[in-house]
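Thanks for coming, everyone. Let me put the structure up and walk you through it.

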Amino acid sequence: MCGIVGFVGARDGVSILLEGLKRLEYRGYDSAGIAVVGEQQELQVVRCQGKIAALEERLQRHPLAGATGIAHTRWATHGKPSDDNAHPHRSGPFVVVHNGIIENYADLKSALEQEGCAFSSETDTEVIVKLVEREWNLGKDYLQCVVDTLRQLRGSYAVVFLNEKRPHELIAARKESPLILGLGRGEYFLASDVPAILPYTREVVYLDDGDIVCASREGFVIESLDRGRREPNIHQIDWNPVMAEKAGYKHFMLKEIYEQPRAVIDTFRSALDFDKVQVCLPDLRLSKGQIADIEKVFLIACGTSYHAGLTAKYMIENMCKIPVEVDLASEFRYRAPLMTDRTLLIVISQSGETADTRAALQEGLDKGALCRAIVNVVGSTLARMSSGVIYTHAGPEIGVASTKAFTTQLVALYLLSLQLAYSLGRMPQEELSIHIRELLEIPGKMEAVLSGCAKVEDWARQYMHAKDFLYLARGILYPIALEGALKLKEISYIHAEGYAAGEMKHGPIALIDEDMPVVVLMQRGALYEKILSNVQEVRARGGQIIALIERESDAKVGGEDDQLVLPEASPWLSPLLFTLPLQLLAYHIAALRGTDVDQPRNLAKSVTVE
Ligand code: F6R
């Protein structure tokens, strides 16, 4: 969703703002813009529909210079992508950039129009800057103008204001949309997300809902809407700028796929006590007593993170013998879910900012559930709202299609499962030790899969023109089939569906013909013979089989060219291995089709509006 960057200092603000926007490109956008106060203290704004490259072209024709400024990438909500709807929006001496949705903008707009205000965009954002100017014309102090404007808004916002009359100052505020303040020496940064400011500082203050920050070269203060001051909590970011770069890969997504063995190690390393051979998740803040009382677990998330939750249901129910419900965050709060103080509600999110997931967590908090989060971004909103957290250590994920965040979520959920089962006395130490040993072997097996995946590129060439794909699996691999289909859809724009293989005969088998590639995930064990029958059913109808199997001896599945043999792993960890060829298949098909792999059309990395 929209990306915001702000800079106040003595350096060339334009290049810092543009670089920041580029580092937020992964969030998804359709237009971009920038505003700075120039040397003659005049406000200059350049904005346009399209990519940042289009903005740069415009800047060559209308060069800007100035130290203090704001910049924005817009993901359209109110009003189509166009030059006029691009941010920053201006009124008098003020400009604003905004991420979020102002729900009462129509009422505010018509009241302003009745007062004679003219609007030049279809956005909800423009009312914000008009309101500030109206307050200013009443003779109020600048900060009070912003406060009195924000008090009139309903909805969500992260906003940064620049005022021509106060050229060395930025005012920013947030409510339910992410915004961080980066601290430099005599300079400050505002941004929607950490990668934008990584080259300049790793000291960050995560703004809370209701915070208003006033930053100038001399320093910054944080106040609330009632004008009370708050002391900032300064966080040290342990990501480095190189982690947010492509490092020679053609796309971020490809780099992130290959980073997975490392990300998985980083995620379990800090959660294992190697001397005692135990899992330790101190940040989760769940006491033995609380664990003993748990009657039900809810796992709530969106998209790929939801698929991680679906996978974990198999682990937790099997190891801990506690019922688990997995819900889409966007549905959860609207179905009046039943919760008590003996319900453990876990939200799963890469960004920690997804609006639906946040609302689901709020529902859990309101109903008194034990609320915890599994998130990748340290200090993100979900992490701060929850009473405890497990961090995945995937590092910055820039490709819009989630890859390493997913596999590290699977590891975090596996660790959670082990911790709960052991603490409940449902997993003896010897069994725990075996599970931990199997986990330690997984990164090596992931490396082996990634280096033995050449065949996947051949499949991509063979099937890149297919119109539809089917992904079939059973048991714990069923959510991985859903994830494989989602990856293909979002980056290659090919229609794909994931199905529990046993469901095929209840409908989807009607789709099978010689043009339909069917990817089958075949795990050894009780369901193997059953899924083999499903494969024969597809074959009998002319479907093209692509099989991922666990052992060479399973060659009877199909011809040598149609199958990829993966290393065997425990049933709970094999999803980590099966996921990798599916990510690569989607990647190579998308790359061959020439789509925008890292920023697929219409998608946003961090979905901060409902
Ligand atoms: C798919 C994808 C999305 C996200 C979803 C949730 O590749 O990236 O489906 O998984 O938007 O995002 P987070 O995990 O940030 O809450």
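This is a predicted model: local features need pLDDT of at least 70, side-chain atom pairs count only at pLDDT 80 or more; totals for chains, interfaces and linings use all residues.

Let's start with the ligand. Which helices each supply at least two residues of the shell around the ligand? They are H9, residues 303-320, and H16, residues 478-492. H9 gives the largest share, with 3 residues.

Now the shell itself. There are 13 residues around the ligand. Coming nearest are Ser305, Ser349, Ser351, Thr354 and Glu490. By type, the shell splits into 8 polar, 3 nonpolar and 2 charged residues.

Next, some distances. Glu490 brings a polar side-chain atom to 2.5 Å from an oxygen atom of the ligand. Gln350 works through its backbone: a polar atom there is 2.7 Å from a ligand oxygen. Thr304 also takes part with its backbone, where an N or O atom lies 3.1 Å from an oxygen atom of the ligand. How much of the ligand does the protein bury? Taken alone, the ligand exposes 400 Å², and the protein buries 90% of that. And the space that the ligand takes up is the largest pocket.

On to charges. Side chains of opposite charge can pair when their charged atoms come close. How many salt bridges does a search of the whole structure find? The count is 37. Let me pick out one of them. Arg358 and Asp209 meet through their side chains, at 2.4 Å from N to O. Arg358 sits in helix H11, residues 355-366, while Asp209 is in the loop between strand E11 (203-206) and strand E12 (211-216), so this pair ties together parts that are 149 residues apart in sequence.

Last, two spots in the backbone. His87 and Pro88 are joined by a cis peptide bond, with omega about 0°. Where is Pro88? Look in the loop between strand E4 (69-74) and strand E5 (89-91). The other spot is Val277. Its phi is near 50°, a positive value in a residue other than glycine. Val277 belongs to the loop between strand E15 (272-273) and strand E16 (278-279).

That's my tour. Questions are welcome.

Definitions and conventions: Residues are numbered from 1 along each chain as its sequence is written. Side-chain values use heavy atoms; hydrogens and water are left out. A residue is near a molecule or strand if one of its heavy atoms lies within 4 Å of it. A polar contact is a pair of N or O atoms within 3.5 Å; within protein, one must be able to donate a hydrogen and the other to accept it, and residues adjacent in sequence count only if both atoms are side-chain atoms. Accessible areas come from the Shrake-Rupley method with a 1.4 Å probe; for residues, only the protein chains shown count as cover. On a 1 Å grid over the protein atoms alone, a cavity is a set of points where a 1.4 Å probe fits but cannot get out, and a pocket is an open set with protein on both sides within 12 Å along at least five of seven lines; lining residues have an atom within 4 Å of a point. A molecule sits in a cavity or pocket if more than half of its atoms lie within 2 Å of its grid points. Helices (H or I, at least four residues) and strands (E, at least two) are DSSP runs, numbered from the N terminus. Ala, Val, Leu, Ile, Met, Phe, Trp, Tyr, Cys and Pro count as nonpolar, Asp, Glu, Lys and Arg as charged, and the others, Gly among them, as polar. A salt bridge is a side-chain nitrogen of Lys or Arg within 4 Å of a carboxyl oxygen of Asp or Glu.
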